[in-house]
Amino acid sequence: MKRTLQLLTGLLVAATIQTANAQAFTPEDTGGFSWVEEGAADVPPGETEDEALDEFDTDGRYIYLICIFGPRDDRRVVRNKCPEVKAKLRKDYPRKRIIRIDNPPEERLQRIKAHQEDNIAMVIIVTHSTPGPSDEDWDVWDTELDPIDFAECFPDEFIIWNGCHSRHICEQADNILPTQCDEDFLPYENDTWREIARCLFGTDEAVSREDVCEEVFGDDWRNRDDN
């Protein structure tokens, strides 16, 4: 009789635990279980409340400085400016690792992105660039890559374009940041890239290109003529 009571008690406890677990977990389509928090908002799979496709952050450790130059850079503008940019980056961000890459092929950029994943803070490109035959064509001197190629190699990172006509180049992709508010050539001594970097590292939250450009260029950016 005593053993029978013990068995009945054990079954009752097991049933109580099973009922509690069934209330705490909700089965998904895959047959697994996921914890259901009280009051949790309904969010589509793979998304969060704060997620936005056109926002980026600078949480990574590495800053990649990509320098594009060759025979057409006859005045050594890029080759002289790249060491200066790297020195200023080291001074401004001593806790970041600055990696300079000269004339990389697209395959190397893709390998870097795949290897580093989310550990890239941002990318800075120093090069010559001029408009091509159509509104979507750009001649990036001494490389077969165009601005869209760079943007697609680093789709989750901001790319600061330190080259001429960056105002229109930035329209090719949401993650390209211009160093100009107006369409023009970029003087050698221009250091707007530095202001943009300070803006990016000055916030703990993800920001969009519009946020950055309005902060750096102010009313000139807000009142610009896109036509």
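The face of helix H3 turned away from its buried side carries the exposed residues Arg111, Ala114 and His115; exposed means over 50% relative accessible area, buried under 20%, and partly exposed in between (1.4 Å probe, protein chains only). Helices (H or I, at least four residues) and strands (E, at least two) are DSSP runs, numbered from the N terminus. This is a predicted model, in which local features need pLDDT of at least 70 and side-chain atom pairs count only at pLDDT 80 or more, while totals for chains, interfaces and linings use all residues. Residues are numbered from 1 along each chain as its sequence is written, and side-chain values use heavy atoms, with hydrogens and water left out.

**Helix H3**

- H3 covers residues 106-116, and its buried residues are Leu109, Ile112, Lys113 and Gln116.
- Seen down the axis of H3, these buried residues fall within an arc of 95 degrees, so they line one face of the helix; the arc is that of the directions from the helix axis to the C-beta atoms.
- The buried residues of H3 pack against strands S3, S4 and S5 and against helix H4 (147-153), where contact means heavy atoms within 4.5 Å.

- S3 runs parallel to strand S4 (residues 97-102), and six bridges join them; two strands pair if DSSP finds at least two bridges between them.
- Within S4, Ile99 is the bridge partner of Tyr64.
- From S3 the chain crosses through H2 to S4, and this β-α-β crossover is right-handed: with the strands pointing away from the viewer, the path from the first strand over the helix to the second runs clockwise.
- Strand S5 (residues 120-126) is also parallel to S3, joined to S3 by six bridges.
- Within S5, the bridge partner of Tyr64 is Val123.

**Cysteines**

- The structure holds one disulfide, a term used for a pair of cysteine sulfur atoms within 2.5 Å.
- Cys67 and Cys82 form this disulfide, with their sulfur atoms 2.0 Å apart.
- The pair links distant parts of the chain, since Cys67 is in strand S3 (residues 62-67) and Cys82 is in helix H2 (residues 77-92), 15 residues apart.
- The link of Cys67 and Cys82 is left-handed, with -120 degrees about the S-S bond.
- Cys67 is buried at a relative accessible area of 0%, and Cys82 is buried at 0% relative accessibility.
- Cys170 is in no disulfide, and the nearest cysteine sulfur, that of Cys213, is 5.9 Å away.
- Cys170 is buried, with a relative accessible area of 1%.

**Positive phi values**

- Most residues other than glycine have a negative phi.
- Asn103 has a phi near 45 degrees, a positive value in a residue other than glycine.
- Asn103 sits in the loop between S4 and H3 and is partly exposed, with a relative accessible area of 32%.
- Just after H3, Glu117 takes a positive phi of about 50 degrees.
- Asp142 has a phi near 65 degrees, a positive value in a residue other than glycine.
- Asp142 lies in the loop between strand S7 (138-140) and H4, and counts as partly exposed at 26% relative accessibility.

**Salt bridges**

- A search of the whole structure finds 10 salt bridges, each being a side-chain nitrogen of Lys or Arg within 4 Å of a carboxyl oxygen of Asp or Glu.
- One of them joins the side chains of Lys88 and Asp191 (2.5 Å, N to O).
- Lys88 lies in helix H2 and Asp191 in the loop between strand S9 (176-178) and helix H6 (192-201), so the pair ties together parts that are 103 residues apart in sequence.
- Lys88 counts as partly exposed at 23% relative accessibility, and Asp191 counts as partly exposed at 24%.
- Arg100 and Asp102 form a salt bridge, their closest N and O atoms being 2.8 Å apart.
- Asp219 and Arg222 also meet in a salt bridge (2.8 Å, N to O), and both lie in helix H8 (residues 219-222), three residues apart, about one turn of the helix.
- Lys113, Asp156 and Glu157 are linked in a network of salt bridges, and Lys113 is one of the buried residues of H3.
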